[in-house]
Amino acid sequence: MLDTTPLRDAYRALLDAATTLAAGDTSPVPPAGEWDADQILAHVAIINAVTIAAASSVASGANTTYDNRIAQDTWTLDRIASLAGGNAGLRERIRLQGDALCALGGPVLSEVELDTLVPALLLSKGTVLVNQPVPLRDLITGLADVELPGHTQQLLALLPAHVGAEATS
């Protein structure tokens with residue numbers, strides 16, 4: 001069984017950062033070429049959905065792939081943010097998706113299922129990071145180790161300097 005404590009902690013940190021940012025008086029403008037808070041959260045929601053789909057496919061015995069390209073598309077990010085009901089809806093969606101992934105990765109999937117190789121294509125800012133089969137377990141733990149902490153830092157970087165320093169201490 002996969003220990004999902006780091007994944008739960010990573011979701012908590014991301015959602016705490018998003019809530020802190022949402023409680024601010026203004027909507028911070030990201031640096032040129034970067035995503036705003038809603039786009040970051042929509043990206044995470046899409047990545048979660050893709051991961052849940054892969055885990056569910058493996059659990060059902062179906063073949064699956066993992067491709068994060070749609071989560072890079074700004075139009076899609078804006079559409080998902082709108083469909084989710086904005087920032088608050090995205091935060092709730094991510095919270096529930098996190099619960100689902102922790103349940104799947106923990107007691108639901110067997111070790112053999114977690115070790116299933118999933119053909120994966122992972123991009124970041126147009127650069128291919130992974131283009132090979134990856135164990136499902138690594139896709140799930142990658143959320144906790146890299147994906148969620150990276151987007152938590154992106155959100156915190158949008159905070160005014162004095163608030164960001166308080167939020168990280």
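Modeller: Axes are lines fitted to C-alpha atoms, for helices over the stretch in contact, and angles run from 0 to 180 degrees between N-to-C directions. The helices themselves (H or I, at least four residues) and the strands (E, at least two) are DSSP runs numbered from the N terminus. The model is predicted, with pLDDT of at least 70 required for local features and 80 or more for side-chain atom pairs, while totals for chains, interfaces and linings use all residues. Residues are numbered from 1 along each chain as its sequence is written, and side-chain values use heavy atoms, without hydrogens and water.

Colleague: Why is helix 1 called roughly antiparallel to helix 4?

Modeller: Helix 1 and helix 4 pack at about 175°, with axes 10 Å apart. Angles under 35 degrees count as roughly parallel, over 145 as roughly antiparallel, 65 to 115 as roughly perpendicular and the rest as oblique. Helix 1 is therefore roughly antiparallel to helix 4.

Colleague: What makes helix 2 roughly parallel to helix 4?

Modeller: The axes of helix 2 (residues 37-60) and helix 4 (residues 86-108) cross at roughly 25° and come within 9 Å. Helix 2 is therefore roughly parallel to helix 4. The crossing is left-handed, a term for a near helix turned anticlockwise from the far one by less than a right angle, clockwise being right-handed. Among the residues that meet are Leu41, Val44, Ala45 and Ile52 in helix 2 and Leu90, Ile94, Gln97 and Leu101 in helix 4. This contact divides into 13 nonpolar, 5 polar and 3 charged residues; Ala, Val, Leu, Ile, Met, Phe, Trp, Tyr, Cys and Pro count as nonpolar, Asp, Glu, Lys and Arg as charged, and the others, Gly among them, as polar.

Colleague: How do you know that helix 3 is roughly perpendicular to helix 4?

Modeller: Helix 3 and helix 4 pack at about 90°, their axes being 7 Å apart. That angle makes helix 3 roughly perpendicular to helix 4. Ile80, Ala81, Ser82, Leu83 and Ala84 in helix 3 meet Gly86, Gly89, Leu90 and Arg93 in helix 4.

Colleague: Which residues touch the most other members of the largest nonpolar core?

Modeller: Leu7, Tyr66, Leu90, Ile94, Leu136, Leu148 and Leu155 do so, among its 50 residues. Helix 2 gives the most, with 13 residues. A nonpolar core is a set of buried Ala, Val, Leu, Ile, Met, Phe, Trp, Tyr and Cys residues joined through side-chain atoms within 4.5 Å. Beyond four places in sequence, isoleucine 94 is in contact with Tyr11, Leu14, Leu15, Leu41, Val44, Ala45 and Asn48.

Colleague: Why is alanine 17 counted as buried?

Modeller: Buried means under 20% relative accessible area, exposed over 50% and partly exposed in between (1.4 Å probe, protein chains only). Alanine 17, at 5%, therefore counts as buried. The residue is in helix 1 and touches Thr152, Leu155 and Leu156, leaving out residues up to four places away in sequence.

Colleague: What makes valine 112 and lysine 125 exposed?

Modeller: Valine 112 has a relative accessible area of 66% and is therefore exposed; this residue is found in helix 5 (residues 111-114). Lysine 125, at 66% relative accessibility, counts as exposed too. Lysine 125 lies in the loop between strand 2 and strand 3, and its phi is near 50°, a positive value in a residue other than glycine.

Key
Contact means heavy atoms within 4.5 Å.
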